[in-house]
Amino acid sequence: MLSGNMKNRESIQEPIFDYYNHEVPDIDLSDCEFPHVIEIYDFPQEFRTEDLLRIFCTYQKKGFDIKWVDDTHALGVFSSPITARDALGSKHTMVKIRPLSQATRAAKAKARAYAEFLQPAKERPETSAALARRLVISALGVRSKQSKTEREAELKKLQEARERKQLEAKQREDIWEGRDQSAV
């Protein structure tokens, strides 16, 4: 039962945690953790992915991808740290860029959360529409409008790509095994 004796009690316990003034600690990302990722910032909110890709078009063949943080911040994922460093050295009129270690807290948090999606961008392998064309033609039961020489050229191109891929795999294996490369 509560009584009127509450006036005599002056013991108010101070809170252990001050939740009103709580600050989230800055995420510490070392330069070696994501050296191939940069922050792209301070661009108009109307910008779309295509606009950013157009600005960094010189890096597209080397491997470049965009991951959005918010309307005015994005992460640029390059194929290598060297390419990212090269991009940091260039000047752009519509955007600003900086290393991920100097990025905003939101960009660093996004990089941490999506670490597996921020692997260095790889160049897409050579492809051909031959298989898709063959499947569609056989499903529809129509004849191909492609000439025999075009088909042979396409098959030759695919065979060369396959041989090049096998040679690269063999060279990689030889390097790991310590085999002499001059004998190849």
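Which residue just after H5 takes a positive phi? That's Gly178, with a phi of about 75°. Keep in mind that this is a predicted model, where local features need pLDDT of at least 70 and side-chain atom pairs count only at pLDDT 80 or more, while totals for chains, interfaces and linings use all residues. Residues are numbered from 1 along each chain as its sequence is written, and side-chain values use heavy atoms, with hydrogens and water left out.

**Confidence and naming**

- The protein chain averages a pLDDT of 81, and 82% of the residues score at least 70; pLDDT is the predictor's confidence in each residue, from 0 to 100.
- Among the chain's elements, S1 has the highest mean pLDDT (92) and helix H4 (residues 130-140) the lowest (85).
- Helices (H or I, at least four residues) and strands (E, at least two) are DSSP runs, numbered from the N terminus.

**The sheet**

- Four strands make up an open sheet, ordered S2-S3-S1-S4, with antiparallel pairing. The edges belong to S2 and strand S4 (96-99), each of which pairs on one side only. From one strand to the next, the twist averages 30°.
- Two strands count as paired if DSSP finds at least two bridges between them. As a general point, strands of a sheet pair through backbone hydrogen bonds, either parallel or antiparallel.
- S1 and S4 are antiparallel partners over 4 bridges, and here Ile38 sits opposite Pro99 in S4.
- Helix H2 (residues 81-89) packs on the sheet and touches S1, S3 and S4, with its direction making about 135° with that of S4.
- Helix H3 (residues 105-113) also packs on the sheet, touching S1, S2 and S3, and its direction makes about 120° with that of S2. Axes are lines fitted to C-alpha atoms, for helices over the stretch in contact, and angles run from 0 to 180 degrees between N-to-C directions.

**Strand S3**

- S3 (residues 73-78) is mostly covered, with 6 of its 6 residues buried. Buried means under 20% relative accessible area, exposed over 50%, and partly exposed in between (1.4 Å probe, protein chains only).
- His73, Leu75 and Val77 point one way from S3, while Ala74, Gly76 and Phe78 point the other way.
- With strand S1 (residues 37-41), S3 pairs in the antiparallel sense over 5 bridges, and Val37 stands opposite Val77.
- With strand S2 (residues 64-70), S3 pairs antiparallel over 6 bridges. Phe64 has Phe78 as its bridge partner in S3.
- S2 and S3 form a hairpin, with 2 residues between them.

**Glu39**

- Glu39 is found in strand S1, and it counts as buried because its relative accessibility is 0%.
- Its side chain makes polar contacts with the side chains of Arg98 (2.6 Å) and Thr104 (3.2 Å). A polar contact is a pair of N or O atoms within 3.5 Å; within protein, one must be able to donate a hydrogen and the other to accept it, and residues adjacent in sequence count only if both atoms are side-chain atoms.
- Leaving aside neighbours within four places in sequence, Glu39 is in contact (heavy atoms within 4.5 Å) with residues including His73, Leu75, Ile97 and Ala107.

**Helix H5**

- H5 (residues 148-177) has 30 residues and reaches 43 Å from its first C-alpha to its last, close to the expected 44 Å. That expected span is 1.5 Å times one less than the number of residues.
- Glu154, Ala161 and Asp174 are buried in H5, and the buried residues of this helix pack against H4.
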